[in-house]
Amino acid sequence: MFNKSNVSISISDEESDELARMRVRVRRKRKKNQLRVKSAFTLLLLRFFLRYWTLLIFVLAAGLLLFEATRIGRKPGLVVKSKDSPVEVKNSSSVEHSTRIEPRTRDARGGRDRCLKLLPPDELEHLDLPVNEETRSHVKKVIYFSENGILDVVGNDTFSQQKSKGTRFNLFTGYQTLDQREKSFKASKTAEVHCGFYSENGGFTVSDEDKRYMQNCKVVVSTCAFGGGDALHQPIGMSEASLKKVCYVAFWDEITLAAQESEGHKIGDDGFIGKWRIVVVRELPFTDQRLNGKIPKMLAHRLFPHSKYSIWVDSKSQFRKDPLGVLEALLWRSNSVLAISEHGARSSVYDEAKAVVNKHKATPEEVEVQLAQYHHDGLPENKRFNGKKALSEASVIVREHTPLTNLFMCIWFNEVVRFTSRDQLSFPYVLWRLNVSENINMFPVCTRKDLVNAMGHIRKAKPLNSTMSMF
């Protein structure tokens with residue numbers, strides 16, 4: 001008998017498995033529907049692109065043109081220092097009062113805007129040297145120590161005592177004492193200083209023909225390659241007026257002469273290779289070729305006694321601007337007597353000293369002696385003197401030959417001889433000791449890049465096997 005009120009239904013395992021499979025089939029059908037929806041949407045987008053692709057490209061091109069138009073319409077600003085405030089003020093309209101153009105500005109073509117602003121070509125053709133004016137400096141006359149002069153010995157410091165110290169001073173430089181060094185920084189109306197060419201037997205000998213040529217130069221662009229390390233790069237960008245008024249002189253030693261002749265670069269009968277007058281120097285006074293190179297670099301006023309202006313260019317660079325235009329832009333326009341590039345990587349002489357040692361440009365002992373002397377003399381660690389960057393990159397030097405700049409270069413040369421050959425270390429010290437920063441144009445790195453093309457060194461310069469130095 002069965003109980004009608006209670007009905008029980010039993011479900012076997014086989015029936016439950018069948019129900020589960022049905023559920024799985026349902027889920028799988030749902031996934032297929034989702035994929036079909038996505039595929040349909042993708043197909044719709046593809047059909048839309050194929051039908052309207054020309055219109056899409058046109059819209060994209062119009063957007064790019066609009067963006068470039070807005071960029072061209074923006075004028076690059078100039079950085080101008082106001083006389084009434086030490087704060088730099090942005091000014092896009094006053095070009096004649098600008099002291100520096102930002103290196104990162106861009107011209108209408110998207111390239112870097114030129115930092116060096118020369119006069120137009122027609123004005124460069126008629127540009128002439130200014131009429132001689134009386135020097136504005138307190139230094140009116142510079143007397144150079146010489147072997148035959150009465151200034152050979154000062155106090156109790158004699159040549160024999162100086163020789164025994166084993167310095168690099170020799171018959172070319174003269175034997176500067178520490179007392180003479182100190183007095184050179186305290187020059188008054190008349191300055192007395194060692195400045196190379198101390199003795200006729202000191203070396204750096206050039207032919208009489210070359211001497212006559214150099215004595216007739218009023219404006220000179222010079223370079224040198226000693227030890228055969230660099231090629232000769234012909235200058236470009238000069239005006240016809242500059243070609244008639246400016247001397248281009250390259251100093252070689254016999255090693256460079258032989259290296260260049262082996263490569264087919266021979267000096268013509270007129271003494272020229274291209275636009276460069278080649279002056280072959282014999283009997284170089286130092287075994288260190290870097291130190292020999294400081295002579296034409298720093299002592300242009302001694303090599304070209306009648307020159308009013310000079311532009312020095314390192315042999316690793318190609319000069320590519322009009323010389324008279326450069327003088328106008330960097331000296332006459334800013335009322336300066338010397339223009340030199342700021343250092344691009346560092347600002348402090350103490351930071352530069354670390355870099356010199358790390359790059360093996362000088363021994364730690366040499367640098368330590370130099371910095372110890374400068375620290376003793378009170379050289380500050382300031383990265384700027386009177387608002388100007390203290391450290392220079394001296395591959396390009398533009399200057400007027402005045403008593404003040406001549407004294408500056410003589411002292412700078414003596415510091416390089418006494419300490420290391422790295423002139424970046426001694427430049428801030430001389431600038432600080434003479435306190436002449438108001439007459440110095442420390443132009444930005446981008447201006448130097450406008451002045452020259454960086455070509456680099458071809459090979460390492462060969463040192464001399466013997467020296468004329470007499471200790």
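Predicted model: local features only at pLDDT ≥ 70, side-chain atom pairs only at ≥ 80, totals over all residues.
Helix 7 spans residues 254-262, and its buried residues are Thr256, Leu257, Ala259 and Gln260. Viewed down the helix axis, these buried residues fall within an arc of 165 degrees, so they line one face of helix 7. An α-helix has 3.6 residues a turn, so residues three or four places apart point the same way. Glycine 264 follows helix 7 and has a positive phi, near 90 degrees.

Strand 7 is paired with both of the other strands in that list. Seven bridges join it to strand 6, and the two run parallel; cysteine 224 stands opposite phenylalanine 251 of strand 7. Strand 7 and strand 9 also run parallel and are joined by four bridges. Here valine 249 has arginine 277 in strand 9 as its bridge partner.

Which residues of strand 7 point one way, and which the other? Val246, Tyr248, Ala250 and Trp252 point one way, while Cys247, Val249 and Phe251 point the other way, and all are buried. In a regular strand the side chains alternate between the two faces of the sheet. Seven of the seven residues of strand 7 are buried, so this strand is largely enclosed by the rest of the structure.

The structure holds 17 salt bridges.

| Pair | N to O distance | Relative accessibility |
|---|---|---|
| Aspartate 128 and lysine 245 | 3.6 Å | Lysine 245: 33% |
| Arginine 168 and aspartate 288 | 3.6 Å | Arginine 168: 22%; aspartate 288: 17% |
| Arginine 333 and glutamate 328 | 2.7 Å | Arginine 333: 44%; glutamate 328: 13% |

Aspartate 128 forms a salt bridge with lysine 245. This pair links distant parts of the chain, 117 residues apart: aspartate 128 is in the loop between helix 2 and strand 4, and lysine 245 is in helix 6 (residues 240-245). Lysine 245 counts as partly exposed.

Arginine 168 and aspartate 288 also meet in a salt bridge. The two are 120 residues apart, with arginine 168 in the loop between helix 3 (159-163) and helix 4 (178-184), and aspartate 288 in the loop between strand 9 and helix 8 (289-298). Arginine 168 is partly exposed, whereas aspartate 288 is buried. Arg168, Asp288 and Arg290 are linked in a network of salt bridges. In the pair of arginine 333 and glutamate 328, the arginine is partly exposed and the glutamate is buried.

Leucine 129 lies in the loop between helix 2 (121-125) and strand 4 (141-144). Its relative accessible area is 28%, so leucine 129 is partly exposed. Not counting residues up to four places away in sequence, leucine 129 touches Val219, Tyr309, Leu324 and Trp332. Leucine 129 and tryptophan 332 are 203 residues apart in sequence, with a C-alpha to C-alpha distance of 9.7 Å.

A nonpolar surface patch of about 1200 Å² includes Leu43, Leu46, Phe48, Phe49, Tyr52 and Trp53. Leucine 46 lies in helix 1 (residues 13-73) and is partly exposed, with a relative accessible area of 45%.

For the protein, there are 15 helices and 17 strands. Buried residues make up 45% of the 471 residues. Among contacts between residues at least 6 apart in sequence, 81% join residues at least 24 apart. The protein exposes about 27100 Å², of which carbon and sulfur atoms supply 53%.

How values were computed
Residues numbered from 1 in each chain as written. Heavy atoms only, no water. Buried < 20%, exposed > 50% of the residue type's maximum accessible area, 1.4 Å probe, protein only. Arc of directions from axis to C-beta. Patch = residues over 30% accessible without salt bridge, like charges linked within 9 Å, V, L, I, M, F, W, Y side chains within 5 Å. Areas by Shrake-Rupley, 256 points an atom, 1.4 Å probe, with all protein chains shown as cover. Salt bridge = Lys/Arg side-chain N within 4 Å of Asp/Glu carboxyl O. Contact = heavy atoms within 4.5 Å. Pairing = 2+ DSSP bridges.
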